[in-house]
Structure formats: C-alpha cells, structure tokens
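Here is a short report on aromatic rings and how they pair. Look at the structure, then read on.

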Amino acid sequence: MAQSLLRFNVDPGNVLARKFTLLEQKLLPEVARQAALQTGIAMRARWSQVAGQVFDRPTNFTVKSPRYKLVPGKYAVDVYINDKAKSGTPPSEYLKPEVAGGSRPHKSTETQLQRMGLLPAGGFIVPGLGIQLNAYGNIPGRQLKAILTQLRNKEAPELATRRRKREGRSGKGGDYFALRTRRGRLHAGVYQRIPGPARKLRSILMFVNKVHYKKRFDIFEIAQKIYTRQFPFHFQREMEKALQNAAFKGLK
C-alpha cells in the first residue's frame with residue numbers, strides 16, 4: 001500500500017462549476033488549497049473513528065495510523081495509512097486485507113517458521129486455544145520470540161533443565177514443539193508442554209493453509225462520502241473568509 005494511498009485534486013478553474021468574479025479568481029488558488037486541506041483533515045479523522053469501531057480492541061498505533069498532507073505546488077491532498085513502524089509491520093501493510101478483503105501478507109513469524117521447515121510453504125499461523133492473547137487480542141511478542149528461540153536453537157540440555165525448573169516452580173511455561181503435519185488428534189501447529197506429571201499440552205499456534213478477511217475498513221468509500229459532503233462546505237467557507245479579508249485590506 002503506497003504512502004499516497006488516496007489523492008484528491010481540486011481544479012480551481014472549475015470548482016463547483018460556478019462563475020467567479022475577478023477578485024474571486026484571484027483568491028481561488030489559496031481558497032481551493034485550504035478547502036482541500038480541511039477536507040483531508042476530515043477524512044483522516046473519520047478513518048480513525050471507523051478504525052476504532054470496526055476492529056476488536058485496536059491499538060492506538062492502528063487507530064492513529066491515518067495521515068494527511070498537502071501536495072507541494074498542487075491543489076491536492078494525500079490521505080494515507082502510515083507506512084512506517086519502529087519495529088514490526090507498518091499499518092499500511094497489515095491493514096491491506098481489512099481494506100480490500102482477501103488474504104494477508106505473511107508475518108515475520110510465519111516466514112521464520114517456514115525457513116525452519118516447520119510451517120509448510122504458503123501456510124499461516126492463527127492463535128491456538130491454549131494461548132493467552134494480550135489486551136489488544138494479539139499474540140504477545142515476547143511469547144513469539146520465546147517460541148522461535150526454542151524451536152530454532154533447540155536449547156542446550158543444561159539451559160533447558162534450568163528453564164523447566166524455573167517455570168515449573170511458577171506453574172507456567174514448558175517446552176514448545178512443532179508438528180508440521182497432523183498427528184492423531186493433534187493438528188499441525190506449535191504446542192507447549194504443561195509442567196507436571198500429567199503430560200498435558202497447550203495448543204499455542206495452529207498452522208492453516210489460508211486466512212481470509214472480509215472488507216470492513218473501506219477507506220475509499222469513506223473518503224468519497226466525506227469529499228461529496230464536506231468539500232463544498234469548506235470551499236464556500238474559505239471563500240467567504242478570503243473575501244472578508246480582502247475587503248478589510250481594501251483589495252479589489
């Protein structure tokens with residue numbers, strides 16, 4: 001998803017298909033620019049509002065991901081989804097399937113599991129029943145890191161023994177292991193052994209062939225509605241302000 005996700009242009013020579021006085025024509029470029037800017041701000045605000053409504057426990061990073069900016073030297077505004085992140089996947093990428101529907105790009109964890117030969121090529125991961133999601137409904141990053149570390153390094157025996165004792169005392173933790181294909185009643189995925197004599201397992205990650213998202217964040221439709229409703233209002237208001245200022249300055 002490119003940064004210039006949505007760009008709307010304003011042709012100051014044909015705005016609202018109306019006739020302008022000579023003074024209005026002189027003021028028109030700045031009026032059009034300001035009206036476009038105010039409309040872009042309204043689009044950004046509505047995108048954020050809708051993101052907070054349609055997603056389950058969205059992070060502030062997601063809700064605040066819409067951006068806007070004037071295009072230098074043009075009567076245009078870009079309204080887009082943030083395409084930068086200090087770490088992890090930027091919103092412009094992980095929101096793609098929510099905007100357009102369909103599948104999603106592979107996450108870093110999935111790519112690493114595929115490189116280890118554990119997750120079949122083209123496969124995806126989804127949370128298992130035994131994993132505790134964070135406050136935002138996501139798989140905790142620290143747990144994913146611990147899973148990948150164990151599966152990749154196959155801990156040295158002495159380190160594994162120390163960890164088992166430590167986690168056994170706390171009643172948490174246990175070894176992670178992966179099943180590339182189904183084994184008996186266990187589906188392909190990553191499991192965790194629960195410390196104790198019962199030898200129980202938790203399903204942490206399930207391997208699936210595909211994930212499908214319904215379109216539920218239609219930013220283009222939202223933008224079209226905002227433009228249709230608000231641009232004429234902002235244009236008229238900015239023109240009135242410009243004319244009042246011109247009258248104050250004695251311009252003709």
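## Burial of Phe55

Phenylalanine 55 has a relative accessibility of 10%, so it counts as buried. Buried means under 20% relative accessible area, exposed means over 50%, and partly exposed lies in between (1.4 Å probe, protein chains only).

## About the model

This is a predicted model: local features need pLDDT of at least 70, side-chain atom pairs count only at pLDDT 80 or more, and totals for chains, interfaces and linings use all residues. Residues are numbered from 1 along each chain as its sequence is written, and side-chain values use heavy atoms, with hydrogens and water left out.

## A pair across the sequence

The structure holds four aromatic pairs. Rings of Phe, Tyr and Trp (its six-membered ring) pair if their centres lie within 6.5 Å; planes under 30 degrees apart are stacked, over 60 edge-to-face, and the rest tilted.

One of the pairs joins phenylalanine 55 and phenylalanine 217. The pair is edge-to-face, with 5.5 Å centre to centre and 70° between the planes. Phenylalanine 55 sits in the loop between α1 (22-54) and α2 (60-63), and phenylalanine 217 in the loop between β7 (201-208) and α8 (219-249), so the pair ties together parts 162 residues apart in sequence. Helices (H or I, at least four residues) and strands (E, at least two) are DSSP runs, numbered from the N terminus. Phenylalanine 217 is buried too, at 1% relative accessible area.

How are the rings of phenylalanine 231 and phenylalanine 235 arranged? Their centres are 6.1 Å apart and their planes lie at 35°, so the pair is tilted. Both residues lie in helix α8, four residues apart, about one turn of the helix.

Phenylalanine 231 is buried at 3% relative accessible area. Phenylalanine 235 is buried at 0%. Ring pairs link Tyr227, Phe231 and Phe235 into a cluster.
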